[in-house]
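Please walk me through this structure, chain by chain, and then through its nonpolar cores.

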Amino acid sequence: MTTSIQASASRSPLLTPVSAGRCGASPEARLLALIVQNQLVQGESAKTSVNLSQEQLKQIREEVRQALEAAREANEDSGFWGDIGDVLGGDIATLGEVVMVAAASVVTGGAAALVLGAIAVACTLSSKYADELGIPKDVAIGLGIAAAVTSVLSGNIAGGGDVAALAGATKGAVSVGKGAAEVTSLVKIAREVKFCAGVVSAVATGAGAGAHMVEGYYASDAVDHNADAHAAQAREKLESMDIDAAVDLLGRALDRQLAAMAQAGQTLEANQQSKQLIIHSYQGIA
Amino acid sequence: MTTINGSTTFAPSGIGLDMEGQLALLVLENEDVRHDAAAEDKQVARERFIAASDKEVAAMHEEADDILTGAFVQGAVSLTAAGIQVGDALDAPNVDAAGREIRESLYAPIAAAACNALSQTLGKALGDSPAADDRADAKHAGTAAQQATWQLDDAKDVSRKAEERQNKALDWLTAEAANKASTETGIIAGFA
């Protein structure tokens, strides 16, 4: 920047040295001319500085715009993947768990499993939709853990020997009537449903986790771009400060230049008047 | 006009000036000192602004890193839980000689439930919490940068006012010189 300023200053036709040669002016006039010349140099420097800063400012503004645009896009992507993660890991996985618990209750036919299943479903739903229900975060986490525990217990009962009891009962019922066979097939269907729901729930949870990872990646990207935008905005502010300083310098240089010129005019006028008075007085004496 | 230790001193002895002229010079000197101090303040404020902005940006980048770490840890633990659940579901149940299902091991469901419960906690501990810390740091640095801008504005005001007073003092000196000149002219005219 300094080189450019010097180059610009040396090109200016206004900056020809006035004090080097004898131009017949009084010392005061030459001093004033020096001041004007100095202010012109400062003015030229300030103008060059303002021009350069304006160009840099344009570039920086473009950088800020691009960074903010990238951050906005990353935020949109993050929101999109977050929604997918919520649907997969939240709604679908929860639905799968609910179906799984219900099927387990049918398979077992036991009151304990049913109660546990109901508790698991209630806890799962409360935990998943804590925000909508206005449940505090800590309570929601506790509910989630309770849901997991009750789900494990009820599922275990479903997979356990209680099935045998139901099977025994149904076997006994076969001899009684036709309805018992239907109960057995219902248990089989429930077992299949429980298996499928378990797989779907697990896969949905996994896919939801993956989607949330992508969401986190884009969220991080958005913050990174925001940080870049902040850095560019800080540089923009610094450039604006430089421009302000240069404009101030230019204004002051112009003010001083005008003041010096006015002073020069007044001095010349005063000299002229003095000379005239002296001439008149000599004429009077003569 | 001489410069001592960076500050400008006008006509130390006030040679050839009356009392008012010397007072004007004193005002000029005083305002020049203030101007220099304001210029130093401006420089300091500018450096503070740069440092605070750098700190803010660095904290924001750290926040981004923490968000990414938290998301990946939470996702990895959730994926582990899902993997355990899938494996457990796909594992064919053991059947005894009578065709009855034997009670399954509790380890897999408990491990899956534990992973599921841990995933959010780990995500918060390794992601959200440090990210919030970094956000607070960034906010703090942003406030410091804002304070530096205010300091810069104050220094500019001081500098501007000092210049205004210098201009007034110079105007006063000019008027003094003009009065003196007109007096001298009057004396010359009187001699004539």
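**Chains and cores**

From the N terminus on, the elements of chain A run α-α-α-α-α-α-α. That makes seven helices and zero strands in this chain. The model discussed here is a predicted one. Of the 286 residues in chain A, 31% are buried.

Buried residues account for 28% of the 192 residues of chain B. Among its contacts between residues at least 6 apart in sequence, 83% link residues at least 24 apart.

The two chains can now be taken together. The largest nonpolar core contains 49 residues. Both chains contribute: helix H2 (27-108) and helix H7 (179-285) of chain A, as well as helix H1 (19-90) and helix H2 (107-191) of chain B, each supply at least two of its residues. The top contributor is H1(B), with 17 residues.

Which residues have the most contacts inside this core? They are Val223(A), Met60(B) and Ile67(B). With neighbours within four places in sequence left aside, Val223(A) is in contact with Met60(B), Glu63(B), Ala64(B) and Ile67(B). Here a contact means that the C-beta atoms, placed from the backbone, lie within 7 Å.

Another core, of six residues, lies apart from the largest one. Among its members are Met100(A), Val101(A), Val106(A) and Ala197(A).

Key
Residues are numbered from 1 along each chain as its sequence is written. Chains are lettered from A and ligands numbered from 1 in the order in which they are written. This is a predicted model: local features need pLDDT of at least 70, side-chain atom pairs count only at pLDDT 80 or more; totals for chains, interfaces and linings use all residues. A nonpolar core is a set of buried Ala, Val, Leu, Ile, Met, Phe, Trp, Tyr and Cys residues joined through C-beta atoms within 7 Å. A residue is buried if 20 or more other C-beta atoms lie within 10 Å of its own, exposed if 12 or fewer, and partly exposed in between; C-beta atoms are placed from the backbone. Helices (H or I, at least four residues) and strands (E, at least two) are DSSP runs, numbered from the N terminus. Two residues are in contact if their C-beta atoms, placed from the backbone, lie within 7 Å.
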